[in-house]
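Here is a short briefing on one protein chain. Please look over the sequence and the fold before reading on.

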Amino acid sequence: WTGNTRTGAVAVYKQDDLSLVKQFPDKLAPHNHGVLVDGPRHRAYVAAHGKNYVSVFDTQTLEHKVNLTLESPTRTKTPPAPLGFALDQDGGKLFVVSTTDQVYVIDEPTEQIEKVYNLKGLKGAMSVAYAPEEGLLFVVGQQTDNLQILNAADGTLKSDTKVGANPLAVTWDPVHKRAWVANRASNSVAVVDANGNLTANLMGGSYANHVFTDGKGVVWALNKSRGATDTTGDHISRFAAK
């Protein structure tokens with residue numbers, strides 16, 4: 001399941017040969033950003049950043065089910081705009097981070113917003129990750145250069161850590177119990193433990209853009225090129241403990 005930011009389209013590809021299975025129309029999820037698939041519940045979620053909703057798809061029937069509109073009970077001057085997701089698989093909770101610097105907690109079975117956490121001391125919320133055993137959320141602020149750790153149950157702040165310039169993405173490695181953060185403007189990948197301690201700051205190549213884990217202790221990072229002569233750009237980096 002992929003999104004196309006500029007056209008607002010969504011497409012489904014076959015994993016073994018990348019052949020196109022279904023192409024959804026343009027402007028279905030305007031200026032979309034994050035995509036998350038819940039395999040056991042047969043759901044795919046797409047963040048329609050150009051609007052204030054999350055588009056929900058059925059991964060079995062390949063149908064667009066509904067748009068879940070985000071509404072803030074407190075921050076009403078600017079409409080919420082979803083960017084990234086994290087999933088509590090066992091609890092059936094979808095966590096959505098918005099550019100209004102909020103985290104929305106959506107109950108998957110009812111498709112209803114249960115809670116909204118207002119982030120304080122963090123601007124430009126971009127990405128969120130979830131640690132199931134610890135019950136923690138990790139949110140990066142691209143304008144404040146920090147990673148905040150929240151208790152997932154009530155949104156209370158546990159720690160606030162400076163990780164590098166312009167962090168764009170965060171992922172949680174459940175094996176080594178570390179959060180990994182891609183810092184675009186400082187060309188780095190930061191590593192933070194569950195208590196908010198910065199344990200490493202590694203070279204991520206120019207414009208570190210994204211991080212993700214295989215769930216088995218290996219973390220992958222993507223970065224973007226500054227131009228045709230940039231030898232550190234457009235790489236996939238693999239990080240693993242020795």
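How many residues lie between β17 and β18 in their hairpin, and which residue in the turn has a positive phi? Four residues lie between them, and Asn187 is the turn residue with a positive phi, of about 55°. This is a predicted model, in which local features need pLDDT of at least 70, side-chain atom pairs count only at pLDDT 80 or more, and totals for chains, interfaces and linings use all residues. Residues are numbered from 1 along each chain as its sequence is written, and side-chain values use heavy atoms, with hydrogens and water left out.

**The chain overall**

- The chain has 22 strands and zero helices. Both are DSSP runs numbered from the N terminus: helices are H or I with at least four residues, strands are E with at least two.
- The radius of gyration is 17 Å, close to the 18 Å that the globule rule gives for 242 residues, so the chain is as compact as a globular protein of that length. The radius is taken over C-alpha atoms, and the rule is 2.2 Å times the number of residues to the power 0.38.
- The C-alpha trace spans about 45 × 40 × 35 Å along its principal axes.
- Of the 242 residues, 48% are buried. Buried means under 20% relative accessible area, exposed means over 50%, and partly exposed lies in between (1.4 Å probe, protein chains only).
- Among contacts between residues at least 6 apart in sequence, 35% join residues at least 24 apart. Contact means heavy atoms within 4.5 Å.

**The four-stranded sheet**

- An open, antiparallel sheet runs in the order β16-β17-β18-β19. Two strands pair if DSSP finds at least two bridges between them.
- Its edge strands are β16 (167–173) and β19 (198–203), and each pairs on one side only.
- Neighbouring strands here are turned by 20° against each other on average, direction ignored. Axes are lines fitted to C-alpha atoms (for helices, over the stretch in contact), and angles run from 0 to 180 degrees between N-to-C directions.
- Six bridges pair β17 (residues 178–183) with β18 (residues 188–193) in the antiparallel sense. Val181 has Ala190 of β18 as its bridge partner, and Ala182 has Val189.
- Five bridges join β18 to β19. Here Val191 is partnered by Ala200 of β19.
- β18 and β19 also form a hairpin with four residues between them, and Gly196 in that turn has a positive phi of about 90°.

**Burial in and around this sheet**

- In β18, six of six residues are buried.
- In a regular strand the side chains alternate between the two faces of the sheet.
- One side of β18 carries Ser188, Ala190 and Val192, the other Val189, Val191 and Asp193, and all are buried.
- Leaving aside neighbours within four places in sequence, Thr171 is in contact with several residues, including Ala129, Arg178, Trp180, Phe212 and Val219.

**The three-stranded sheet**

- A second open sheet has the order β20-β21-β22, with antiparallel pairing.
- Its edge strands, β20 (208–213) and β22, each pair on one side only.
- The twist averages 20° from one strand to the next.
- Five bridges pair β20 with β21 (residues 219–223). Within this pairing, Phe212 has Trp220 of β21 as its bridge partner.

**Aromatic pairs**

- The structure holds seven aromatic pairs. Rings of Phe, Tyr and Trp (its six-membered ring) pair if their centres lie within 6.5 Å; planes under 30 degrees apart count as stacked, over 60 as edge-to-face and the rest as tilted.
- Trp180 and Phe239 form a tilted pair, 5.4 Å centre to centre with 45° between the planes.
- Trp180 lies in β17 and Phe239 in β22 (residues 236–239), so this pair ties together parts that are 59 residues apart in sequence.
- Trp180 and Phe239 are both buried.
- Ring pairs also link Trp1, Phe24 and Phe57 into a cluster.
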